[in-house]
Structure formats: structure tokens, C-alpha cells
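Please take a moment to look over the sequence and the structure shown below before reading on. The paragraphs that follow go through the model step by step, from a single chain to the contact between two chains.

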2 protein chains.
Amino acid sequence: MPAKDIPDIVVGRLPIYLRELSFLATEGIQVTSSHELGKRLGISAAQIRKDLSHFGGFGKQGMGYNVGHLREQLRRILKVDQEWPMALIGIGDLGRALAHYGGVVDRGFRIVALFDNDPAKIGQQIGDLEIMGMDQLAPIVRERSIRVAMIAVPAAHAQRVAEACLAAGVQAILNYAPITLNVPPDARAQHIDPVVHLQRMTHHL
Amino acid sequence: MPAKDIPDIVVGRLPIYLRELSFLATEGIQVTSSHELGKRLGISAAQIRKDLSHFGGFGKQGMGYNVGHLREQLRRILKVDQEWPMALIGIGDLGRALAHYGGVVDRGFRIVALFDNDPAKIGQQIGDLEIMGMDQLAPIVRERSIRVAMIAVPAAHAQRVAEACLAAGVQAILNYAPITLNVPPDARAQHIDPVVHLQRMTHHL
């Protein structure tokens with residue numbers, strides 16, 4: 001089945017499976033099952049089997065999955081068997097934490113450029129990277145073929161910054177501003193807003 | 001329909017609607033429609049109407065929704081017409097950014113206690129709050145009736161910290177560690193891992 005036919009809700013669960021498989025691999029576990037994965041992830045075994053069946057040939061019921069093989073297949077399907085260079089825009093408290101965060105490396109991503117519009121921050125160094133002004137965004141994105149960006153600017157600026165990213169060649173945006181971005185159909189946006197997750201839980205309390 | 005019967009996937013969209021309605025309210029817009037909301041959120045108007053119909057009586061097709069009224073109803077349904085005191089555990093780069101983040105206030109939440117296990121951090125002040133040691137977690141959670149916690153500790157510690165929170169009385173955990181928490185059926189956990197969102201997008205690139 002061509003990749004474009006996999007339902008997005010299924011695609012959304014694959015990174016969770018991949019993360020758990022990587023965890024199992026570091027624990028030295030070589031074979032797992034939909035039942036075991038499901039128990040660890042709070043997802044039914046049937047759901048996991050169905051999700052993986054979209055790609056076919058990963059295992060047989062009762063036989064278990066080879067952790068290393070399934071992990072490699074998922075990395076390939078999610079296209080993180082390569083490393084995506086990323087731009088990070090907005091170096092406030094959160095942006096700074098993201099710039100320092102090592103958790104994206106080895107999982108397919110590396111922040112290669114930092115941007116902010118505050119003259120006091122431009123030129124500052126974070127690790128190996130220097131914070132650049134917004135006027136550098138378009139040329140740097142083009143020059144380094146950056147297709148993924150993280151946005152951690154205030155809500156009032158997020159849409160404008162997203163449009164600048166897309167105009168420069170970015171195709172996927174992870175937005176931390178608490179606002180829903182409007183992006184054209186050929187671009188992707190995902191949103192992280194802690195309050196959305198918190199409110200989803202308080203409803204049940 | 002009693003709150004417990006609303007499908008969780010619907011509950012998960014309500015905070016997005018609430019956020020957009022609050023944005024509309026600050027823009028002075030008093031009436032909106034499922035079509036307008038859908039356009040802004042990238043969700044079909046039919047989906048929005050169906051989601052809101054779970055609660056009944058918010059508007060009639062063709063009449064539009066009263067922004068203020070719908071907002072108040074959603075706040076009530078999500079139980080954020082009150083303020084939930086929260087504990088934040090793990091004051092590294094991300095925890096520090098979360099402690100400074102003002103975006104949860106006015107949306108139903110307030111961080112009231114900070115915890116870390118690093119003796120060098122315990123006693124440090126962030127804003128009005130002093131970082132406390134993990135030995136203070138249980139007594140403080142009990143004393144202040146804290147039912148919601150955010151966890152920003154390394155992955156290797158997250159499950160243990162979550163269990164300590166739950167044992168003390170916490171019922172809902174927002175976990176930033178890149179690991180799926182195992183929580184009992186009477187507790188809630190939500191996870192924020194930027195890589196999960198990034199990988200969901202790169203699949204399509």
C-alpha cells in the first residue's frame with residue numbers, strides 16, 4: 001500500500017510504537033508481541049496488529065515481532081532513517097529549552113538554525129549555534145534545504161512566522177504557540193499546547 | 001448525556017474549540033458558526049456540529065453560536081470554570097520554561113509547587129515558588145489537594161515519579177518525558193513528545 005494511503009490516525013500512532021521499540025531495544029529485548037506492546041502502551045493488541053497490517057509482513061500472530069526489524073521498518077516508513085535539519089524560531093524560555101533538548105537527535109532530527117527577532121538575543125550562542133535575526137530565515141532555510149521548523153514565538157506572531165517559514169521552503173511546522181495555524185493543504189502543521197492536554201483530563205476528574 | 005459518556009476523542013477536540021472561542025472573544029466577535037470555526041481550525045463544520053451535539057442545545061444550524069455562551073459551556077464541561085492547582089516535577093531546562101510559562105493561567109490551571117531531586121536546585125526560587133525536594137511531594141500534594149501534575153524529569157525516572165504522584169493523590173499527569181507512562185485505570189495520563197509530532201509529519205514529506 002503506498003504511504004499516502006495510510007490513515008493519518010494510524011500514522012500518528014507509529015511514532016509511539018517506534019519509541020517503545022527503541023526502548024525495548026536498549027533493554028536488550030529482541031522479540032515482542034502486539035499483546036506486550038499493547039500492555040506497555042495502553043493500546044489494544046488488536047489495534048496494534050491492525051495498524052501494522054497497513055504496511056504488511058511485519059510478523060505473524062502468535063510469532064511475535066522482531067524488535068530490530070520492526071523498528072527499522074517504522075523508521076523507514078516515518079522517514080527518520082535519515083536526519084532532518086530543523087529551524088527553531090523563537091528563543092524565549094521554551095525555545096531555549098528546546099534548543100538544549102537532546103531528545104530529538106537519534107530520532108531523526110537536528111536543530112541546525114535558531115532565529116529570534118529580539119536584537120538583544122541575535123548573535124547569542126546556544127551550544128554550537130548562534131541566534132540569527134528573522135531576515136536570515138529565508139536564505140538559511142533555502143541554503144540548508146530545511147523542510148521542518150519548530151515555532152516557539154508568542155501566539156500573536158505565530159501565523160506570520162509560519163507563513164515566512166512556508167514561503168522559504170519549510171513544509172512541516174511544529175507549533176508551540178497556543179493558536180491553531182492556518183496552513184495550505186500541501187503543508188503540515190502539528191500543535192503542542194499543554195493546556196489542551198490538561199483540559200482533556202480535567203473533564204474526567 | 002452524562003459527561004462520562006462523551007467519547008474521549010470528542011473530549012480531546014473541545015479544548016481546541018475553547019481556545020479558538022477565547023481568541024474570537026478577545027477579537028470582540030460575539031457570534032460564530034461551525035463553518036467559520038471549522039475553517040479556522042482545519043476541522044469540518046459537520047464534525048464540529050456533531051461534537052457539540054453531544055452536549056446539546058448550543059445553537060441551531062444556520063443561526064450560529066453565541067461565542068460567550070458556548071465558551072462558558074465548554075469551560076464548564078472541561079471543568080476549567082475553576083482553577084486547578086498543579087505540581088511540576090523536574091526543574092531542568094524544560095521544567096524551568098514551564099514554571100515561567102504564563103499560558104496556563106486564565107485557562108484553568110496554576111502551578112503551585114515545584115519539585116526536583118537535585119540538592120543544588122532545592123531552595124532556589126522561580127517567581128513566587130521555591131523548588132522543594134521530592135520528600136516534600138506527598139505532604140504538599142495532600143495538604144494542597146493537588147490533583148494534577150506535570151512531569152518534566154528524564155525518561156528513566158518518569159514512571160517512578162508518576163507513581164509517587166499518584167500515591168499522594170494526583171489523578172491526572174501531563175508527562176513530558178519521552179516514555180509512555182503506565183497508570184492505573186482510575187488515573188489519567190497525557191504525553192507531550194515533540195518527536196512524536198515531528199515523525200507524524202515527516203512520513204508525509
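In this predicted model, chain A has 205 residues, of which 40% count as buried. Its secondary structure comes to eight helices and nine strands, and its C-alpha atoms fill a box of roughly 60 × 40 × 35 Å when that box is taken along the principal axes.

For β5(A), two bridges join the strand to β6 (residues 129-132) of chain A, and the two run antiparallel, with A:Q125 standing opposite A:E130 in β6(A).

Elsewhere in the chain, A:F55 lies in the loop between α3 (45-53) and β2 (65-66) of chain A. Once its neighbours within four places in sequence are left aside, A:F55 is in contact with A:Q73 and A:I77. A:F55 and A:V104, by comparison, are 49 residues apart in sequence and 25 Å apart in space, taken from C-alpha to C-alpha.

In chain B, the strand pairings can be followed one at a time. Strand β5 (residues 125-126) of chain B is joined to β6(B) by two bridges, and these strands run antiparallel, with B:Q125 opposite B:E130 in β6(B). The two strands form a hairpin that has two residues between them, and B:G127, in the turn, has a positive phi of about 60 degrees. Strand β6 (residues 129-132) of chain B also pairs with strand β4 (residues 109-115) of chain B, here in the parallel sense and over two bridges, and the bridge partner of B:F115 in β6(B) is B:M132.

Further along chain B, strand β7 (residues 148-151) and β8(B) pair in the parallel sense over four bridges, and B:V148 stands opposite B:A172 in β8(B). Which residues cover the two faces of strand β8 (residues 172-175) of chain B, and are they buried or exposed? B:A172 and B:L174 on one side, and B:I173 and B:N175 on the other, are all buried, and both faces of the strand are covered.

The remaining step is to see how the two chains meet. The contact takes 51 residues from chain A and 50 residues from chain B. On the side of chain A that touches chain B, α1 (8-26), α2 (34-41), α5, β8 (172-175), β9 (188-191) and α8 (194-202) of chain A each supply at least two residues, and the largest share, nine residues, comes from α8(A). The residues on this side of chain A divide into 28 nonpolar, 13 polar and 10 charged.

One part of this meeting involves a helix from each chain. Two packed helices are described by the angle between their axes and the distance between the axes. The axes of helix α5 (residues 93-100) of chain A and helix α5 (residues 93-100) of chain B come within 8 Å and cross at roughly 170 degrees, which means that α5(A) is roughly antiparallel to α5(B). A:D93, A:L94, A:R96, A:A97 and A:H100 of α5(A) make this contact with B:D93, B:L94, B:R96, B:A97 and B:H100 of α5(B). By class, the contact between α5(A) and α5(B) has four nonpolar, two polar and four charged residues.

Technical notes
Residues are numbered from 1 along each chain as its sequence is written. Chains are lettered from A and ligands numbered from 1 in the order in which they are written. This is a predicted model: local features need pLDDT of at least 70, side-chain atom pairs count only at pLDDT 80 or more; totals for chains, interfaces and linings use all residues. A residue is buried if 20 or more other C-beta atoms lie within 10 Å of its own, exposed if 12 or fewer, and partly exposed in between; C-beta atoms are placed from the backbone. Two strands pair if DSSP finds at least two bridges between them. Axes are lines fitted to C-alpha atoms, for helices over the stretch in contact, and angles run from 0 to 180 degrees between N-to-C directions. Angles under 35 degrees count as roughly parallel, over 145 as roughly antiparallel, 65 to 115 as roughly perpendicular and the rest as oblique. Two residues are in contact if their C-beta atoms, placed from the backbone, lie within 7 Å. Ala, Val, Leu, Ile, Met, Phe, Trp, Tyr, Cys and Pro count as nonpolar, Asp, Glu, Lys and Arg as charged, and the others, Gly among them, as polar.
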